[in-house]
Amino acid sequence: MKLKTALVIVFAGFYLTLSANPQVDYEKANKAYMAGFYENAISIYERILENGIAAPDLYYNLGNAYFKIDDIPSAILNYERALKLDPGNEDYEYNLSVANNKIVDKIDVLPELFYIRWWKSLKRLLSPDGWAKTALLTFTLIFITVAIFLLSSRMWARKLIFSFGILLLLINLISGIIAWQTYREAKDQKTAIIFTPTLPVKSSPDESSIDLFVIHEGLKVTVIDKIGEWQEIRIANGSKGWIKAGQIKPI
C-alpha cells in the first residue's frame, strides 16, 4: 500500500508539473483553438499571461481567439501588445488592420513630420530585444576596432579602421537610443484601447462638463494626463478630452 501511495503521489506531482508548464499549456491552447474551442483557448492563454509569461506570438494567438468570438476590442488590444513586442511583424499588422476595420470609429490620422515617420519606420526594423542586442554587439566591436587601430602600423589601414569605427559608433548610438525608447514605451503604457461600447469624451474632468465628441469600443487612444479618477486622452486626429478611468485597457 505504501508503494502504491508513493507512486500515486509521484505521478500526481508529475501531472501537476506538466499542467503548470507554460509550453504545455501553450500547446493545449493552440490545439483548442485549432479545434474551434476558442473560449477554452482564451482561458488557457490568459492563464499563461497571468503567470507572468508574455511573448508576441502568445498575444497574437490570443487576439485571434478573441477575434473568432467577435470580441473585437480584446482582439485589437492583444494584436497591439504583440506589435509592441515585435514591431513591424506583417502578420500582426495585417490582423490588426482587419480588426480595426470592424470598429465604429474611422479616425483620420494626424499627419506626421517626415523625420518622425522615418524614425518610427527605423524602430520597426527590429524588435526591442533585437535593438538591445545590436547595441551590445556594436559596443563590443568598437573595442575590438580600437585595439586593431592601435596595433596597425599602415596609414591606409588605420584610415579604413577609423572610418569603420565611426560607423560602428553611429550604429551603436542609434540602436542604444531605440532600445531605450522602446523599453520606456513598454513601461509607460501611455496607449490604450477603449472598452466601453459608447463613450462621451468630456471637455474637463467633471461629469457636468460638456461632451466634446463620442468614441466607441476598440479605438486606440493615448493617455496624456491623469487627475484623480479621470484621464485625459488624445485620439489619432489630435482631438483631446477627458474620460473616467476603468473604461480603457493599457496596451
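Me: What covers the buried residues of helix 3?
Reply: The cover includes helix 2 (22–34) and helix 4 (56–68). Contact means heavy atoms within 4.5 Å. Helices here are DSSP runs of H or I with at least four residues, strands are runs of E with at least two, and both are numbered from the N terminus.

Me: Before I go on, what kind of model is this?
Reply: It is a predicted model, where local features need pLDDT of at least 70 and side-chain atom pairs count only at pLDDT 80 or more, while totals for chains, interfaces and linings use all residues. Residues are numbered from 1 along each chain as its sequence is written, and side-chain values use heavy atoms, leaving out hydrogens and water.

Me: Thanks! Which residues of helix 3 are buried?
Reply: They are Ala-41, Ile-42, Ile-44, Tyr-45, Ile-48 and Leu-49. Buried means under 20% relative accessible area, exposed means over 50%, and partly exposed is in between, using a 1.4 Å probe and protein chains only.

Me: Why would residues a few places apart point the same way?
Reply: An α-helix has 3.6 residues a turn, so those three or four places apart point the same way.

Me: And what does Arg-47 pair with?
Reply: Arg-47 forms a salt bridge with Asp-25, with their closest N and O atoms 3.4 Å apart. Arg-47 sits in helix 3 and Asp-25 in helix 2, so the pair links distant parts of the chain, 22 residues apart. A salt bridge needs a side-chain nitrogen of Lys or Arg within 4 Å of a carboxyl oxygen of Asp or Glu.

Me: Is Asp-25 buried or exposed?
Reply: Asp-25 counts as buried, at 2% relative accessibility. Arg-47 is partly exposed, at 36%.

Me: How many salt bridges are there in the whole structure?
Reply: A search finds 6. Another one joins the side chains of Lys-244 and Glu-207 (3.1 Å, N to O). Lys-244 lies in strand 6 (residues 240–244) and Glu-207 in the loop between strand 2 (198–202) and strand 3 (211–216), so this pair ties together parts 37 residues apart in sequence. Salt bridges with shared partners join Glu-207, Glu-229 and Lys-244 into one network.

Me: New topic: where is Asn-89?
Reply: Asn-89 is in the loop between helix 5 (72–85) and helix 6 (90–100). Asn-89 is buried, with a relative accessible area of 19%.
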